[in-house]
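Please read the following points alongside the sequence and the coordinates.

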Amino acid sequence: MPLAVRIHPFAAAVTAATVAAVIHLRRRRSHIKAMGSTLLVLFAKSTEELKLAQSLKLKFENTNDALKVSEEEKEVKVKLASEVGPDCQVNFGVGLYMDSLVATRFGRLLLWSPRLFSTHDLISKNFHELPLGTVCITDIQFKGRGRSKNVWDSPLGCLLFSFTLQMEDGRKLPLLQYVVSLAVTEAIKQLWQDKGLPQLDVRIKWPNDLYLEGLKVGGILCTSSYQSKFFNVSAGVGLNVDNEKPTTCLNAVLEKMRPNCSKLTREEILASIFNKFEELFDIFLNEGFNVLEDLYCKTWLHSGQKVIIEEKIDGRSIQSEVTIKGLTSSGYLLATDEQKNSYELNPDGNSFDFFKGLVRRKLE
């Protein structure tokens with residue numbers, strides 16, 4: 001029986017479907033009606049992945065090895081790309097995506113669905129049946145998991161995906177979500193640069209939100225389980241590409257900067273993210289996060305940010321100000337006070353805003 005492990009107490013703050021609260025945040029009970037059969041189409045980059053896709057289809061057609069899905073999804077129809085007829089419109093340009101993908105381990109086997117309750121649930125529930133690096137993408141997602149049991153709806157216009165990977169070193173595990181965040185921001189910046197546009201101000205808000213022009217545009221979720229000396233990680237990303245309500249989206253900003261410029265597509269963004277992630281992930285595994293930390297700190301919103309910490313001492317509330325300097329080795333915030341004392345800051349788990357209710361631990 002695998003041991004469930006959370007990468008951080010705050011890791012569930014943003015879901016693969018969130019598109020980061022850019023869309024809707026609604027507190028509600030999970031009583032969504034069944035939506036009928038769910039279509040899942042398997043696409044492959046090479047002959048090798050095609051064989052894996054064929055094997056998966058046969059496996060999932062076996063009643064004993066049926067695909068594990070959400071309770072609301074009563075039936076799943078799994079098809080290969082070659083079996084999709086004219087009656088089924090695949091709203092994802094797989095050819096463009098595969099042509100743009102140069103990563104050798106991630107994203108080469110793709111599961112697409114027009115609608116799912118959760119890409120993250122599908123990936124995590126079937127982790128051991130899927131080859132490492134498999135990605136699941138959907139056009140619409142109904143049941144993204146947010147913090148404090150919030151439910152997130154993600155409509156059309158969002159890039160919603162989750163993928164699998166594996167790690168052995170548990171000490172590095174809490175920092176993985178930052179590598180995923182960096183892969184997303186660097187991929188977007190690269191695509192922007194390829195269009196000859198000025199530097200894009202896409203930023204990371206700790207721990208796992210993505211911001212554009214000061215507005216939330218995406219989010220990251222990483223969860224894991226431990227089994228047989230490995231951490232099995234499901235990583236998810238939600239990114240608002242075309243839906244500019246209620247805040248903004250990538251293409252709305254692109255249109256402002258360069259009217260009539262060709263829009264960014266989900267296909268090229270997803271391929272660029274995997275190309276960048278594979279590069280950063282290798283650095284992370286081989287050399288550690290410290291090699292990437294400067295780039296991360298240049299990308300996030302918090303270097304030099306002042307934070308008020310409130311503590312209870314002898315029944316009294318004592319407030320003190322600290323300055324954020326970076327990250328600790330465990331992935332929490334590193335801060336200093338006026339006396340140059342160093343502290344590790346982490347959320348108390350009760351506040352929706354991670355910068356309220358921070359708990360500090362003095363570092364020796």
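How many salt bridges does the count come to? In this model, which is predicted, the count comes to 14 salt bridges.

1. The side chains of Lys-57 and Glu-61 meet in a salt bridge, with a distance of 2.3 Å from N to O, and the two residues sit 4 residues apart in helix α1 (residues 47-61), a separation of about one helical turn. Glu-61 is partly exposed at 46% relative accessibility, whereas Lys-57 counts as buried at 11%. Both residues also belong to a network of salt bridges that includes Glu-83.

2. In helix α6, Glu-279 and Lys-276 lie 3 residues apart, again about one turn of the helix, and they form a salt bridge whose closest N and O atoms are 3.8 Å apart. Here Lys-276 is buried, with a relative accessible area of 18%, which falls under the 20% cut-off, while Glu-279 is partly exposed at 44%.

3. A further salt bridge joins the side chains of Asp-169 and Arg-171 at 3.1 Å, N to O. Asp-169 is partly exposed, with a relative accessible area of 24%, and Arg-171 is exposed, at 69%.

4. Helix α7 (residues 290-299) has Leu-292, Tyr-296, Cys-297 and Thr-299 as buried residues; seen down the helix axis, the buried residues fall within an arc of 150°, so they line one face of α7. Asn-290, Asp-294 and Lys-298, on the other side of α7, are exposed. The buried residues of α7 pack against the helices α4 (176-194) and α6 (266-287), and also against the strands β9 (202-205) and β14 (316-327).

Key. Residues are numbered from 1 along each chain as its sequence is written. This is a predicted model: local features need pLDDT of at least 70, side-chain atom pairs count only at pLDDT 80 or more; totals for chains, interfaces and linings use all residues. Side-chain values use heavy atoms; hydrogens and water are left out. Buried means under 20% relative accessible area, exposed over 50%, partly exposed in between (1.4 Å probe, protein chains only). The arc is that of the directions from the helix axis to the C-beta atoms. Contact means heavy atoms within 4.5 Å. A salt bridge is a side-chain nitrogen of Lys or Arg within 4 Å of a carboxyl oxygen of Asp or Glu.
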